[in-house]
Amino acid sequence: MAITLQPAVNAAIRAHGRDAFPHECCGALLGRDGVVSEAFALPNTTEEGPRRRFLVRPGDYRAAEQRARDTGLDLLGFYHSHPDHPAKPSQYDLDHAWPSFSYVIVSVMAGEDQLLTSWLLKDDRSAFDEEPVTYAN
Amino acid sequence: MPTKILIPTPLRPFTDKLDTVELDGQTIGELLQNLTTKYSGLKQHLYTADGKLRSFVNIYVNDDDIRYLQKDQTPLKAGDTVSIIPSVAGGAPAVAEPLPELSGDEIKRYSRHLIMPEVGVEGQRKLKAAKVLCIGAGGLGSPAAMYLAAAGIGTIGIVDFDVVDFSNLQRQILHGTPDVGRSKLQSAKDRLNALNPNVHIETYEEALSSQNALRLFEPYDVILDGTDNFPTRYLVNDACVISGKPNAYGSIFRFEGQASVFATKEGPCYRCLYPEPPPPGLVPSCAEGGVFGVLPGIIGVIQATETIKLVLGAGEPLIGRFLIYDALRMRFRELKLRKDADCPVCGTHPTVTKLIDYEQFCGVAPHQVEAAKPVATSADALTATELKAELDRGETVQIIDVREPQEYQINRIPGSVLIPLGDLPKRYVELDPNANIVTQCKSGMRSAKAQAFLREKGFTRVRNLTGGVLGWVDQVDPSQPKY
């Protein structure tokens with residue numbers, strides 16, 4: 001599997017990560033056939049402290065699915081930022097992951113966006129597989 | 001009568017791609033039981049191993065969350081729609097991935113490690129999983145990278161943009177005589193791959209800068225600082241603190257070396273020891289001051305030792321301790337270092353939270369080396385070709401060579417007078433303040449200081465030889481050796 005980000009999507013995810021720093025940001029990835037054409041920003045509603053966690057509430061999840069339906073796109077996954085941490089999924093990410101979604105993580109170090117990676121949950125939920133990220137229209 | 005269940009996108013692969021499934025059930029509990037019986041792949045994503053609904057799985061009956069109804073027992077009636085709605089959650093920090101296995105060849109190769117309890121199979125797998133970034137493939141980087149590769153560090157990154165020069169071979173043992181003129185990275189990669197083909201070598205042919213440091217550091221676990229100048233040293237330190245990576249530090253000058261481990265969570269950083277750099281020019285570089293060739297062998301291997309210990313979590317790391325080694329007297333001294341609560345980078349209220357312009361911070365003009373190349377023609381400076389022309393015309397020029405006597409023995413401009421820069425304050429009185437003087441050193445840096453000094457003392461006609469004696473050898477007298 002691989003995921004393709006359109007340039008505006010890449011820029012939007014990174015800008016969202018910078019703006020939210022030092023907190024985590026999150027949003028939905030909308031597109032078709034593995035090509036993400038829209039980064040749909042969502043509020044981070046976690047009560048555990050947004051520096052370390054993000055949570056997309058059911059209502060916002062439904063909004064993301066609704067947005068996909070309205071625009072004729074599919075919900076391909078979610079993105080979030082890791083402030084001052086590498087772009088690698090955490091145990092917490094693993095515990096809360098859904099199958100078939102692409103999980104894009106952008107590392108934001110000292111307010112500057114760095115590496116961006118994407119991950120897929122293994123079928124047995126034991127770990128994530130990193131999937132290649134490509135950039136194209 | 002059947003109830004409609006809306007399946008969210010990520011679970012559709014388990015329901016034959018259906019977004020809606022119709023099943024029977026009197027209560028939510030019963031309905032979900034039937035759902036996971038029919039589509040067994042759903043079970044592990046909806047329920048934990050002990051059979052509880054996962055905390056991030058939300059079940060709605062029409063528009064109501066069952067948590068606020070009767071949970072599992074919520075009854076269903078005709079026309080109800082049940083939705084499975086994920087809440088999506090996650091967050092830092094990252095956890096270690098499972099350690100890689102060792103191949104049969106690797107077990108043979110590392111057998112002397114494997115039989116020691118401090119390393120063992122577990123430790124060797126940690127080394128294989130580890131990623132270490134060496135800043136520089138020079139004097140310190142050479143022995144460090146070779147021992148890291150031999151020890152089985154899985155990924156070694158090297159940042160360098162230099163080309164192998166004859167003058168490197170006296171100490172930079174990654175490179176051999178046939179490598180002169182090649183990129184240091186290519187030479188290093190060949191050498192390390194030959195030493196241990198199991199090791200993955202990443203090369204970065206660029207100068208480390210405030211723009212790229214955090215990006216380059218990110219994939220690595222430990223940063224090994226083998227730099228030879230203050231701007232890069234402060235840059236490495238600050239980037240290590242900001243990105244939370246330990247800095248296996250070493251530095252060398254003439255016969256003395258230093259080593260420590262900086263920027264660990266609990267320990268001090270380089271700035272706790274030296275908040276500010278020394279004034280530019282006070283501490284000469286190895287190119288100016290020389291370095292004992294075997295010295296980086298000792299210090300670079302200490303850095304590699306500390307790096308391997310950090311990866312293994314074994315022994316007592318060189319954290320909060322500053323090791324000073326004197327090769328001539330063959331003595332090691334150790335100073336205690338404390339984390340400074342007022343440190344501008346790692347203190348409790350840091351003022352440096354982003355990478356800054358380190359050349360400006362250290363008072364060094366950017367691209368100083370380029371500035372010393374023969375470009376200027378003015379009352380301030382002249383090139384070797386111009387100097388030769390003046391001498392050939394019979395003009396009276398007094399050339400003051402401000403290098404050290406041992407440098408003067410290697411090559412010199414005929415007729416030049418040797419007054420080492422350090423002796424100039426007491427010997428300038430020997431010179432005529434109105435004479436036509438040209439100051440000269442190896443490449444033009446020290447002689448620029450001499451020029452400024454003489455002008456301050458009232459000398460009227462002092463020009464600096466750009467490119468120094470090296471320019472003279474290149475442009476005028478190629479029969480003389482360069483160093």
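In what order do the elements of chain A run from the N terminus on?

## Chain A

In this predicted model, the order in chain A, read from the N terminus, is β-α-β-β-β-α-β-α-β-β-β-β.

Chain A has 137 residues, and 47% of them count as buried. Among the contacts in chain A with a separation of 6 or more, 61% are accounted for by residues 24 or more positions apart.

## Contact between chains A and B

How many residues of chain B are in contact with chain A? There are 26 of them, and they are in contact with 39 residues of chain A. On the side of chain B that touches chain A, at least two residues each come from α2 (43–46), β5 (81–86), β6 (88–90), α8 (213–217) and α9 (230–243) of chain B. Which element gives the most to this side of chain B? That element is β6(B), with three residues.

By residue class, the side of chain B that touches chain A comprises 13 nonpolar, ten polar and three charged residues.

## Strand pairing across the interface

β6(B) also pairs with a strand of chain A, namely β4 (residues 54–56). The pairing is antiparallel and extends over three bridges. Within β6(B), A89(B) is the bridge partner of L55(A).

Definitions and conventions: Residues numbered from 1 in each chain as written. Chains lettered and ligands numbered in written order. Predicted model: local features only at pLDDT ≥ 70, side-chain atom pairs only at ≥ 80, totals over all residues. Contact = placed C-beta atoms within 7 Å. Helix = DSSP H or I, 4+ residues; strand = E, 2+ residues; numbered from the N terminus. Nonpolar A, V, L, I, M, F, W, Y, C, P; charged D, E, K, R; others polar. Pairing = 2+ DSSP bridges. Buried ≥ 20, exposed ≤ 12 C-beta atoms within 10 Å, placed from the backbone.
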